[in-house]
Amino acid sequence: QVQLVESGGGLVQAGGSLRLSCAASGSIFSVNGMGWYRQAPGKQRELVAVITSGGSTDYADSVKGRFTISRDNAKNTVYLQMNSLKPEDTAVYYCNADIIRRFTSGVVRYWGQGTQVTVSS
């Protein structure tokens with residue numbers, strides 16, 4: 001079994017900051033790419049940021065320069081530092097990770113349960 005557990009969401013005023021964390025645990029052999037997505041009410045889930053196992057990153061245009069994705073490979077944890085938050089950043093944020101479980105050969109994408117981020121104007 002593999003679990004992704006997120007933390008760090010909450011309510012913040014516009015211009016403020018939040019840091020999300022997502023830790024993968026369980027029967028893990030290796031963790032490949034990790035990422036953050038978000039889904040606002042009435043909208044489709046969208047990519048926010050991704051990071052490879054080697055540390056290469058990519059961001060949605062809407063968050064470039066404001067959000068930073070990072071990871072701690074020893075802890076199988078991915079972070080999302082969110083600065084200069086705007087009301088339009090309000091959404092449920094989900095992390096994911098592409099994981100190879102012990103004693104298997106396939107890569108499976110796992111998702112966290114989601115954490116609410118609300119930015120007030």
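These entries record what I looked up in the structure above.

**Basis.** I worked from a predicted model, in which local features need pLDDT of at least 70 and side-chain atom pairs count only at pLDDT 80 or more, while totals for chains, interfaces and linings use all residues. Residues are numbered from 1 along each chain as its sequence is written, and side-chain values use heavy atoms, with hydrogens and water left out.

**Aromatic pair.** I looked up aromatic pairs and found one. Tyr37 and Trp111 form it edge-to-face, at 5.2 Å centre to centre and 65° between the planes. Rings of Phe, Tyr and Trp (its six-membered ring) pair if their centres lie within 6.5 Å; planes under 30 degrees apart count as stacked, over 60 as edge-to-face and the rest as tilted. Tyr37 belongs to strand 4 (residues 28-39) and Trp111 to strand 10 (residues 107-111), 74 residues apart. I note that strands (E, at least two residues) and helices (H or I, at least four) are DSSP runs, numbered from the N terminus.

**Burial of the pair.** Is Tyr37 buried or exposed? I found Tyr37 buried, at a relative accessible area of 18%, whereas Trp111 is partly exposed at 34%. Buried means under 20% relative accessible area, exposed over 50%, and partly exposed in between (1.4 Å probe, protein chains only).

**Arg45.** I then looked up Arg45, whose charged end sits over the ring of Tyr94, 3.8 Å from its centre. Arg45 also lies over the face of Trp111, 4.8 Å from the ring centre. A charge sits over a ring if NZ of Lys or CZ of Arg is within 6 Å of the ring centre and within 35 degrees of the ring normal.

**Ala60.** I placed Ala60 in the loop between strand 6 (57-59) and strand 7 (67-72). Ala60 is buried, with a relative accessible area of 17%. Apart from neighbours within four places in sequence, Ala60 is in contact (heavy atoms within 4.5 Å) with Leu47 and Val48. Ala60 and Leu47 are 13 residues apart in sequence and 6.5 Å apart in space, C-alpha to C-alpha.

**Strand 11.** I examined strand 11 (residues 115-120), whose covered face holds Thr115, Val117 and Val119 and whose uncovered face holds Gln116, Thr118 and Ser120. Strand 2 (residues 10-13) pairs with strand 11 in the parallel sense over four bridges; strands pair if DSSP finds at least two bridges between them. Leu11 has Thr118 as its bridge partner. Strand 9 (residues 91-101) runs antiparallel to strand 11, joined by three bridges, and Tyr93 has Thr115 as its bridge partner.
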